[in-house]
Amino acid sequence: MPEAAAARRAEAAPKPRGVAARLSLRLRVFLFFALIAVAVAAAMTGVMVMLGQRGAAVRDLVLFGGAAGFALVGVVVWVWLKFDENLVRPVERIARDARAAAHAGAETLDDAAAQYLGPLAPAARDIVAALAEARASTRAAVGRATAEAARRRRQLETVLRDIDQGVLICTLDHKITLYNPRALKILRVSGEIGLGRPLFTLVTAQPFRHALERLQGRFADGRHTTHRDGLSALVVCATADGGRTLQGRVTLMLDEAEAAPAGYVVAFDDVTATLAIQVRRDRLLRDATQGLRQPVANLRAAVEMLADPEIDAGERAAFEAVLAKETESLGARLDALEHDSRDLLAGAWPMSDVFSTTLFTAAIRRRTGPQNFTAEIVGQPVWLHCDSVTVVELLDVLMNRIAAEARTRTFTLTATPREGKVYLDLAWAGPVIAMTVLEGWLADPLDPSVGGVTGREVLERHQTDFWCDAHGEGRARLRLPLAAPVDAHLGRPPPVDARPEFYDFDLMSRVDPGRIDDTPLRALDFVVFDTETTGLEPSRGDLMISVAGVRIVNGRVLRGEVFNQLINPGRRIPAASTRIHHIDDAMVADAPGVDKVLPRFRAFTEGAVLVAHNAAFDMRFLTLRQEACGVRFDNPVLDTVLLAAHLDGQADSLTLDRLAERFAIEIAPEDRHTALGDSLATAEVFLRLVDMLEAAGVRTLREAIAASETAGAIRRRQAAY
Amino acid sequence: MTRHVLVVDDEDSITLSLRHLMKREGYQVSVARDGEEALAAVAADPPDLMLLDVMIPRRDGYDVCQTIRANPAWADVKIVMVSARGRDIEVEKGLALGADAYVTKPFSTRELAQMVRDLIGAPDA
């Protein structure tokens, strides 16, 4: 780090050693030569005085002495000038350039006038060049290391994105520091998921608290090294709205020194559907066993009564009626059980939707057998649901066997959807194959690469069967019905909410703020928001028609976690205001009312400081309706106008446009005067202001609020003039 | 000539009832207990209608049905599959292989008798 190196260099510089060292080199050299000149003049004068005292002619003395003195002083001056120009100044220049190279990263040395310094200039030049090269190679190495680290990080991000389980990482006080797209998908029905937000607004708390208590206890006792599950535990919980059941594992994460827990990882699945199927299956089994006891009991009793030869005709008829009724009812029950089990039996083996062309092409290419044949895919391709690996194997085996048995060389493959199923047809010119022959083929195991399963087992797995019948003149066909696709594959999948920032590990080491007022601004969470309204007078019936906000966590604008909602104000929007924000009555007609939006917005701002441009205006709109909606906006509030005023005085215009321009923040014209566009711009402005405030000595929230109040007071006084 | 019905099933309980039912209706009845026996019976004396169970030993009901349909000489033999296997796929397969009807056990004997009458008419026509 440059700061540390500069500090080290400052320490290494020699301490001042008195007056002599504080004067520059040139001055010292000059004084030195001046001293010589003065000494020479003094010596000359002294000699002349002595000679004069010994009787030499005063005029001669003055003449010759003066002349010699001037000549000598002149020589000294000339030598000094040469010395100064060719030695001292080049030395100073080299020193300056060397210092520039050391401290300011300069890379060259001006040694033009240094030819009299001998090896000093080339040596200095070599040093500077070596320094520049060392710096360049350090930069390159750092660049490579950074690029490598970024590449690894992207790979890990990809793994997290593509993994099929939801993954969350949380701090010990249950704030989310990482979530992957699957977690977002599973949990977002339950609430807003975001960095730094509490986990327990999304899922029930007690299962996690209990699991973590157990794990922390296990760690504290050191049992985790011998425990089968190590530092992880199973957890089953529900989403906060009670709608879905989740099952997963919680694993305690240790800090770098592995000395204490730092947070925990949750990997989970949505098991609502699976559990529901399990419950139905259990019920079905119970009905099929226990539920049949009663009818069978009725039957048995009646039959045993009929065995008695003593009963009379009337009684006989009655028992025979019981027999008829109970058997009919048993039959009906069986039909019902079969019907109910139809959907349940489908789920046992994992299957997926596959495109028929893909399936057929794979089967054609498989070519495990010796037979030589060609196959053509005919007809419209469709999606179907099966275990493609085994179906491909089966098709390949069938084509080989049929090619040998029916002595045919060409097949056509078709997939036809009909009545909730998809029929795969394998057709050829030739005789129909007998069922016994087909059954024989099904008894053999398929290729070992699919685990030695037989064709019959593959059919069982798919709850299906196949047959061979005649299909036109001299042609035969093998027909295999399979299931219809589970998902509707209509063109492009719906766009996934791309959240570029989905983790922030700095949040792990965030210390409990304690008093929020004294927390540095950089460490706080903010929600920067903006509203659009029907007009400028909240007390005269103007209402909000749009509210948008964006979270800033750890100094980053989380563009993926925004709040943007139109509100139906329940009154007409004046044309004048529509001209500004382009929201008209038609756009808000389907929007929810403020009683639904305000609580959601309050939840979005939980734990954050509110920031807005001209905050008083927006806050007035929020607080006017808050009681009616059952919420309270008690967050601290900061106003970017007042903060900017504190920094730059009151002269310049402090509109959002001006501030954005000053900080070179771009707002697209179509986003200006939209709640979201303005929020994002204000957020960027706010981050720059935080930097400048820090430089101006305003670091904590308390200081920022104080500074705002002073700036506000000044502005009010100015407005009064 | 009396209409002839062949009952093919390996379960004594059901053949007892079916034979009794068909005889009561007035048809001439014979019984086969497995696939080979059934085909031999058809070859010897083709019936007007077969009540054919699927799960029989030595060539199952599907096989028997397909074999009979493959022989144009027996095109007039009506085949009614009667089986405990009632899944959609099994019914579809039976009908695809040439059965004229498919009845899932348990069934109502009265409805079965009606179906036989609809397919081949009264016993002596």
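**View 1. What lines the largest pocket of this predicted model.** Its lining residues (those with an atom within 4 Å of a pocket point) split into 10 nonpolar (Ala, Val, Leu, Ile, Met, Phe, Trp, Tyr, Cys, Pro), seven charged (Asp, Glu, Lys, Arg) and eight polar ones (the others, including Gly). The pocket (an open set of points on a 1 Å grid where a 1.4 Å probe fits, with protein on both sides within 12 Å along at least five of seven lines) holds about 990 Å³ of space. Of its 25 lining residues, Thr327(A), Gly331(A), Lys105(B), Pro106(B) and Phe107(B) sit closest to the centre.

**View 2. Two helices crossing in chain A.** H19(A) and H22(A) pack at about 85 degrees, axes 8 Å apart (lines fitted to C-alpha atoms; angles run 0 to 180 degrees between N-to-C directions). So they're roughly perpendicular (65 to 115 degrees).

**View 3. The open sheet in chain B.** Five parallel strands line up as E2-E1-E3-E4-E5 (pairing takes at least two DSSP bridges). E2(B) and E5(B) are the edges, each pairing on one side only. E4(B) joins E5(B) over four bridges, and Ser83(B) stands opposite Thr104(B). H5(B) lies across E1, E3, E4 and E5 of chain B.

Residues count from 1 along each chain, chains are lettered from A and ligands numbered from 1, as written. Local features need pLDDT of at least 70 and side-chain atom pairs 80 or more, totals use all residues, and side-chain values use heavy atoms, without hydrogens or water.

Methods: Grid points are joined across faces, edges and corners, and a volume is the space filled by probe spheres set on the points. Angles under 35 degrees count as roughly parallel, over 145 as roughly antiparallel, 65 to 115 as roughly perpendicular and the rest as oblique. Contact means heavy atoms within 4.5 Å.
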